[in-house]
Amino acid sequence: MQEPLHAATANRLRLRRLGIDTYQEPVLYMHRDCPVCRSEGFEAQSRVELRLDGRTIVATLNVVSGDFLPPDEAGLSEAAWRLLGARPDAEVSLHHPAPLESLGHVRAKVYGKRLGQAAIDAVIGDVAAGRYSDLQLAAFVTACAGDHLDIDETIALTRAMVNAGERMQWGEGLVMDKHCVGGLPGNRTTMVIVPIIAACGLRMPKTSSRAITSPAGTADTMETLAPVDLDVAQIRRVVERTGGCIVWGGSVRLSPADDVLIRVERPLDLDSQGQLVASILSKKAAAGATHVLIDMPVGLTAKVRSAHAAHQLARQLEQVGQALGLRMRVVQTDGVAPVGRGIGPALEARDVLAVLRREDGAPADLAQRSLHLAGQILEFGGAAPAGGGIALATAVLEDGRAWKKFQEICEAQGGLREPPVAACRQPVPSPRAGSVIAIDNRRLARIAKLAGAPTSACAGIDMNVQLGAVVERGQPLFTLHAASPGELAYTLEYATTQAEAVHVMEDAR
């Protein structure tokens, strides 16, 4: 419906790009004395609909005073500017958004009511469309946290998340995929597995995530070697040419509501098993997978901490996957210590290259773990007989076919490059002589992030010892890598207070 002429002119403001990073949340800034603020009754934290050249977004309002912003301009965060497709000095019209009826379902869930498919579809549809503020998203995430989603609600949530975005279709035949539940630094098996599987004639279009709470996601690590920001058409061309890809899932609209929910789950640090299952499997279904292998590391400082928790999560993944028509296989793996030596994008990429190139001194644990999982996928997809998967995967790695296929994939994605190297490094010595009896994945991840990972691709930790190693006092336990002296000094000060990150038991003698 066309706006009345007086409304169309009275609620317009010139746009200004403020360069403020609000992550993925669109934020609008208006002066306290702005005539539109007064006439429309907008207040701080109001939700405001912005329209420009046929595009519409809903943003959260922050009210400013002083000379920061003139009363006749509307300032936009980077996320809002990008989503609106804004340009300098364009005039935007501002309105009250339509009431969010789906919030009624969120309130019902807060009070313990079960939600059906229609209710969850309504909520997720509005979430994917950007109609929820972060406060409203936080209410939904909190209402679903813990065990507040039963199996039927989890299936409904997964279906809604798939239907809210694009779906990739690959035609006849099997499409293999894998996912690691997480919590294990350096576990970059995907980058070894994909070329092995593709070299054996199975398709494996792998869409991976960037880091959420870790020092590196698979997409961050792969990006140090080749472009990962590909659209659907580019992904299809790479897979048709090579049989596989390793790309960032955020560059395509596969389960976009999941990306929005993750945005608030991260600062809240809330772990809902139902939302975790929906997050994993909605991305797999949307990517067109037919067969999905789940790597589930189990350890006291991994994401899944006990065999009982692993069993429950595996059962839920299998039930939801079956409901969505996915063939599922869940593999429990050792999650007591980091995999490989590097923690951080470039350092993990270095380990992957060492394994694929069969270099002397390549991390044996990363190679063995990758071969074990690749073998499972080869058997799962019928490329190897039962019990013969590891032998086939090993042969493909050792004779160079995996390295050749990885190079083909990187070239098809835009070109292979060497990972960057940090300018500043400093070893962290052992405070005593003894044996390494425990390694805390979470503390090491925190230290690597303080060093700058994943924002600074070269930053992170290089492990100098493994579980069970015998060390002397003053011997390096791990080496910090940072892009600047300031980051290195700050991280070193913190790391020296975290003796239990690599726990050395003093010799009895």
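A crossing of two helices is left-handed if the near helix is turned anticlockwise from the far one by less than a right angle, and right-handed if clockwise.

Okay, housekeeping. What you see above is a predicted model, so local features need pLDDT of at least 70 and side-chain atom pairs count only at pLDDT 80 or more, while totals for chains, interfaces and linings use all residues. Residues are numbered from 1 along each chain as its sequence is written, and side-chain values use heavy atoms, with hydrogens and water left out.

Helices (H or I, at least four residues) and strands (E, at least two) are DSSP runs, numbered from the N terminus. Two strands pair if DSSP finds at least two bridges between them.

Angles here run from 0 to 180 degrees between N-to-C directions, and axes are lines fitted to C-alpha atoms, for helices over the stretch in contact.

Zoom in on strand 10, residues 291-298: its parallel pairing with strand 11 runs over eight bridges. If you want one to click on, Pro 297 has Thr 333 in strand 11 as its bridge partner.

Now, what lies across this sheet?

Two packed helices are described by the angle between their axes and the distance between the axes. For helix 7 (residues 151-163) and helix 12, that's an angle of about 40 degrees, with the axes 8 Å apart. As for the wording, angles under 35 degrees count as roughly parallel, over 145 as roughly antiparallel, 65 to 115 as roughly perpendicular and the rest as oblique. Helix 7 and helix 12 are therefore oblique to each other, and their crossing is right-handed.

Who's touching whom? Contact means heavy atoms within 4.5 Å. The classes are: Ala, Val, Leu, Ile, Met, Phe, Trp, Tyr, Cys and Pro nonpolar, Asp, Glu, Lys and Arg charged, and the others, Gly among them, polar.

Helix 12 has another partner, helix 13 (residues 307-323): the axes come within 10 Å and cross at roughly 50 degrees. So helix 12 and helix 13 are oblique to each other, and the crossing is right-handed. Helix 12 brings residues including Leu 276 and Ile 280, and helix 13 brings residues including Leu 313 and Val 320. The tally for helix 12 with helix 13 is seven nonpolar, five polar and no charged residues.

For a contrast in wording, go to helix 8 (residues 190-199) and helix 17 (residues 401-413). Their axes come within 8 Å and cross at roughly 100 degrees, and helix 8 and helix 17 are therefore roughly perpendicular to each other. Here the contact has nine nonpolar, no polar and two charged residues; Arg 401 and Lys 405 of helix 17 are among those in it.

Four strands form an open sheet in the order 12-15-17-13, with antiparallel pairing. Strand 12 (342-343) and strand 13 are at the edges, each with a single partner strand, so one side of each is left without a neighbour in the sheet. Helix 18 packs on this sheet, touching strand 12, strand 15 and strand 17, and its direction makes about 130 degrees with that of strand 15.

Is strand 17 (residues 476-482) buried or exposed? Six of its seven residues are buried, so strand 17 is largely enclosed by the rest of the structure. Buried means under 20% relative accessible area, exposed over 50%, partly exposed in between (1.4 Å probe, protein chains only). Strand 17 pairs antiparallel with strand 13 (residues 424-429) over six bridges, with Arg 425 opposite His 481. Four bridges join strand 17 to strand 15 (residues 460-463), also antiparallel, and Asp 462 has Thr 479 as its bridge partner.

Last stop, Asn 441, in helix 18 (residues 441-450). Asn 441 is buried, with a relative accessible area of 1%. Leaving aside neighbours within four places in sequence, its contacts include Gly 183, Pro 185, Thr 301, Gly 335 and Pro 338.
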